[in-house]
Amino acid sequence: MHHVLYEWSELVEIDKHVTQLEKGIEAINQAIKSCNLTENKDYTAPLYRVRSELNKQLNDILTQFPDYSKQCK
């Protein structure tokens with residue numbers, strides 16, 4: 001029983017991490033959009049790099065759960 005609870009708690013933590021990555025990506029998308037609408041277009045390049053890294057991390061996690069990642073698409 002402890003083994004099942006431990007694995008479940010790990011999955012809960014992974015889900016929280018995925019949620020935070022998704023929120024971060026969305027926030028960066030909004031920041032890029034805002035920068036493009038103003039005179040701050042010079043700031044978009046670093047935002048694209050950060051977004052790319054967050055997407056990579058998210059995809060690395062989701063590839064461990066192929067059934068879940070199929071449901072998300």
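Reader: Which residues does Leu47 touch, leaving out those up to four places away in sequence?
Author: Leu47 touches Ile28, Ala31, Ile32 and Cys35, where contact means heavy atoms within 4.5 Å. This is a predicted model, where local features need pLDDT of at least 70, side-chain atom pairs count only at pLDDT 80 or more, and totals for chains, interfaces and linings use all residues. Residues are numbered from 1 along each chain as its sequence is written, and side-chain values use heavy atoms, with hydrogens and water left out.

Reader: What is in the largest nonpolar core?
Author: Eleven residues: Val18, Leu21, Ile25, Ile28, Ile32, Cys35, Leu47, Leu54, Leu58, Ile61 and Leu62. Such a core is a set of buried Ala, Val, Leu, Ile, Met, Phe, Trp, Tyr and Cys residues joined through side-chain atoms within 4.5 Å; buried means under 20% relative accessible area, with a 1.4 Å probe and protein chains only.

Reader: Which helices each supply at least two residues of it?
Author: Helix H1 (2-37) and helix H2 (44-62) do. The largest share, six residues, comes from H1. Helices are DSSP runs of H or I, at least four residues, numbered from the N terminus.

Reader: Which residues of H2 are buried?
Author: Thr44, Leu47, Leu54, Leu58, Ile61 and Leu62. They lie on the same side of H2 because they cover an arc of only 100 degrees around the axis, taken from the directions from the helix axis to the C-beta atoms.

Reader: Changing topic, how many helices and strands are there in the protein chain?
Author: Three helices and zero strands.

Reader: And how much of the chain is buried?
Author: Buried residues make up 18% of the 73 residues.

How values were computed: Buried means under 20% relative accessible area, exposed over 50%, partly exposed in between (1.4 Å probe, protein chains only).
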